[in-house]
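Colleague: Could you take me through this model? I will ask, you answer.

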Amino acid sequence: MKVIAAYLLAKLGGNENPSVADLKKIFESVGAEIDQEKIDLFFSLIKDRDVTELIAVGREKMAALSSGGPAVAVASGGGGGAAPAAEPAAAESKKKEEEKEESEDDGGMMSLFD
């Protein structure tokens, strides 16, 4: 994934044809490990292909895999359908967090300062 991300960063930065050296430069700038095999594999797979076409094909494949869950609602711009489902989950996690805080903050004093 980081090879793909570095390639797309180079494209977004204005480099129409990023090379292996460009990707290595990006990896070195952030202190990431360079895996030459993955870089070579990536370039062999995208050789003579347009990145925007590859992204479009990937989106179509991901849409075909979707089962109509929350990811579809997010991708389609929402429309408010996913918000009610998220609210109970957020409230439940907040309640659990509060209970956890209460039980851990006693410090052996058995709620002496509550």
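Colleague: What share of the accessible surface of the protein chain belongs to carbon and sulfur atoms?
Modeller: Bear in mind that the model is predicted. The accessible surface of the protein chain comes to about 9300 Å². The part of that surface belonging to carbon and sulfur atoms is 58%.

Colleague: What percentage of the residues in the protein chain is buried?
Modeller: Buried here means under 20% relative accessible area. The protein chain has 114 residues, and the buried ones make up 11%.

Colleague: How many helices and how many strands are there in the protein chain?
Modeller: From the N terminus on, the elements run α-α-α-α-α-α. The count is therefore zero strands and six helices.

Colleague: Why are the buried residues of H1 on the same side of the helix?
Modeller: H1 spans residues 2–12, and its buried residues are Val3, Ala6, Tyr7 and Ala10. An α-helix has 3.6 residues a turn, so residues three or four places apart point the same way.

Colleague: Which helices do the buried residues of H1 pack against?
Modeller: The residues in question are Val3, Ala6, Tyr7 and Ala10. Their packing partners are helix H2 (20–30), helix H3 (36–46) and helix H4 (51–65).

Colleague: Which glycine follows H1?
Modeller: Its phi is positive, near 105 degrees. The residue is glycine 14.

How values were computed: Residues numbered from 1 in each chain as written. Predicted model: local features only at pLDDT ≥ 70, side-chain atom pairs only at ≥ 80, totals over all residues. Heavy atoms only, no water. Buried < 20%, exposed > 50% of the residue type's maximum accessible area, 1.4 Å probe, protein only. Helix = DSSP H or I, 4+ residues; strand = E, 2+ residues; numbered from the N terminus. Contact = heavy atoms within 4.5 Å. Areas by Shrake-Rupley, 256 points an atom, 1.4 Å probe, with all protein chains shown as cover.
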